[in-house]
Amino acid sequence: MADKPFSPEVEARLRADSAEIISRYPDARSALIPMLHLMQSEEGFVSPRSIALCADILGLTRAQVSAVATFYTQFHRHPTGEYHVGVCTNAVCAILGGDQIMRSVEDHLGIRDEETTDDGKFSLEAIECNAACDYAPVVMINWEFFDNQTPESINGILDDLRDGKPVAPTRGPDQLPTFKENERMLAGFEDGHADEGVGAGESTLRGLKIARDNGWTAPQPKEEN
C-alpha cells in the first residue's frame with residue numbers, strides 16, 4: 001500500500017501539517033527534515049509515497065528528498081514496529097554489556113538488526129551511540145532512554161510492552177509514547193509531556209557538583225591589550 005498515493009483525506013491532513021511546519025522557516029526547503037518525521041508519524045517509516053509528497057510540497061525532486069531520507073539514520077525505509085528498540089553497541093556500552101544485550105534482545109524477539117516482528121509490535125536496531133555514556137549500557141525505545149540495562153531488565157520491559165502494561169523511561173515522559181507519537185513530536189508538534197519525568201540525572205550532574213563543591217570555575221579569557 002505504501003507505493004500507492006495517500007487517500008485524499010490523509011493527504012489533505014499531511015499537507016496542512018506540512019504547511020504549518022514550513023511556516024516556521026524562512027526557506028521552505030529547510031522544513032524537509034521535520035516533514036520526514038511527520039511522514040514517519042503517519043506510516044512508521046519513510047515510504048515512496050511520503051517521498052513523493054514531500055517533493056511535491058517543497059518543489060524538490062524525489063532524488064533530492066531521498067538523499068536526505070537515506071542520509072540520516074533516524075529515517076527508516078521499511079516499516080518500524082510500534083516500539084522501535086535501539087541498543088547502543090558503541091565502545092562504552094559494548095564494554096559494559098551492550099553486545100550481550102543486543103544478542104539477548106534478538107533472541108527474545110526472534111528478529112535481528114533492522115528487522116520487525118511479524119505482529120508489527122517491535123523493530124530492532126543496533127545504534128552507534130545513544131549519547132548517554134554516563135548511563136551505559138543504554139537502550140532507547142522510540143528515542144526514550146532506558147539506562148543501566150541488563151539483558152534481563154530490558155527483556156522484562158519488552159514483555160511489559162507486549163502485554164500492554166504502562167512503561168516509563170528512565171528519563172523522559174511518565175509513559176513511553178509509541179514510535180509514531182514520538183515522530184509527530186519530532187516533527188515539531190508538542191505532545192504536552194516536555195516537563196514530565198527526570199531530566200538530567202545524578203550521573204550527568206556529578207561533575208558539576210564536584211566543581212561547585214570545590215569552587216572550581218572555567219578559566220576566563222584574557223583581556224586583550
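Mentor: Happy to! This predicted model has nine helices and four strands. Read from the N terminus, the order of elements is α-α-α-α-β-α-α-β-β-β-α-α-α. There are 225 residues, and buried ones make up 44% of them. The C-alpha atoms fill a box of roughly 60 × 60 × 30 Å along the principal axes. Among contacts with a separation of 6 or more, 64% are between residues 24 or more positions apart.

Now to the strand itself. S1 covers residues 83–88, and six of its six residues are buried, so the strand is largely enclosed by the rest of the structure.

Next, look at the strands S1 pairs with. Strand S2, residues 122–127, runs parallel to S1 and is joined to it by six bridges. Strand S3, residues 139–141, runs antiparallel to S1, with three bridges between them. Gly86 is a handy residue for finding your way here: it stands opposite Glu125 in S2, and its bridge partner in S3 is Met140.

Arg171 lies between helix H7 (151–162) and helix H8 (179–186). Its relative accessible area is 12%, and since buried means under 20%, Arg171 counts as buried. The Arg171 side chain makes a polar contact with the side chain of Asp147, at 2.8 Å. Beyond its neighbours within four places in sequence, Arg171 is in contact with Ala132, Tyr135, Glu144, Phe145, Asp147, Val198, Gly199 and Gly201.

For contrast, turn to the surface. Ile33, Phe71 and Tyr72 form a nonpolar patch there, with about 310 Å² of accessible area together. Phe71 belongs to helix H4, residues 62–71, and is exposed, with a relative accessible area of 61%. The accessible surface of the whole protein comes to about 12,500 Å², and carbon and sulfur atoms hold 52% of it.

Finally, the charged pairs: the model has 13 salt bridges. One of them joins Asp56 to Arg15, with the closest N and O atoms 2.5 Å apart. This pair links distant parts of the chain, as Asp56 is in helix H3 (residues 48–58) and Arg15 is in helix H1 (residues 8–22), 41 residues apart. Asp56 is partly exposed at 49% relative accessibility, and Arg15 is also partly exposed, at 31%.

Glu43 and Arg49 form another salt bridge, with 2.7 Å between the closest N and O atoms, and here both residues are buried. A further salt bridge brings together the side chains of Glu202 and Arg206, 3.6 Å from N to O. These two residues lie in helix H9 (residues 202–213), four residues apart, which is about one turn of the helix. Glu202 is exposed at 62% relative accessible area, whereas Arg206 is partly exposed at 45%. Elsewhere, salt bridges that share partners join Glu11, Arg15 and Asp56 into one network.

Terms used
Residues are numbered from 1 along each chain as its sequence is written. This is a predicted model: local features need pLDDT of at least 70, side-chain atom pairs count only at pLDDT 80 or more; totals for chains, interfaces and linings use all residues. Side-chain values use heavy atoms; hydrogens and water are left out. Patches are made of residues with over 30% relative accessible area and no salt bridge: like charges are joined within 9 Å, nonpolar side chains (Val, Leu, Ile, Met, Phe, Trp, Tyr) within 5 Å. Accessible areas come from the Shrake-Rupley method with a 1.4 Å probe; for residues, only the protein chains shown count as cover. A salt bridge is a side-chain nitrogen of Lys or Arg within 4 Å of a carboxyl oxygen of Asp or Glu. Buried means under 20% relative accessible area, exposed over 50%, partly exposed in between (1.4 Å probe, protein chains only). Two strands pair if DSSP finds at least two bridges between them. Contact means heavy atoms within 4.5 Å. A polar contact is a pair of N or O atoms within 3.5 Å; within protein, one must be able to donate a hydrogen and the other to accept it, and residues adjacent in sequence count only if both atoms are side-chain atoms.
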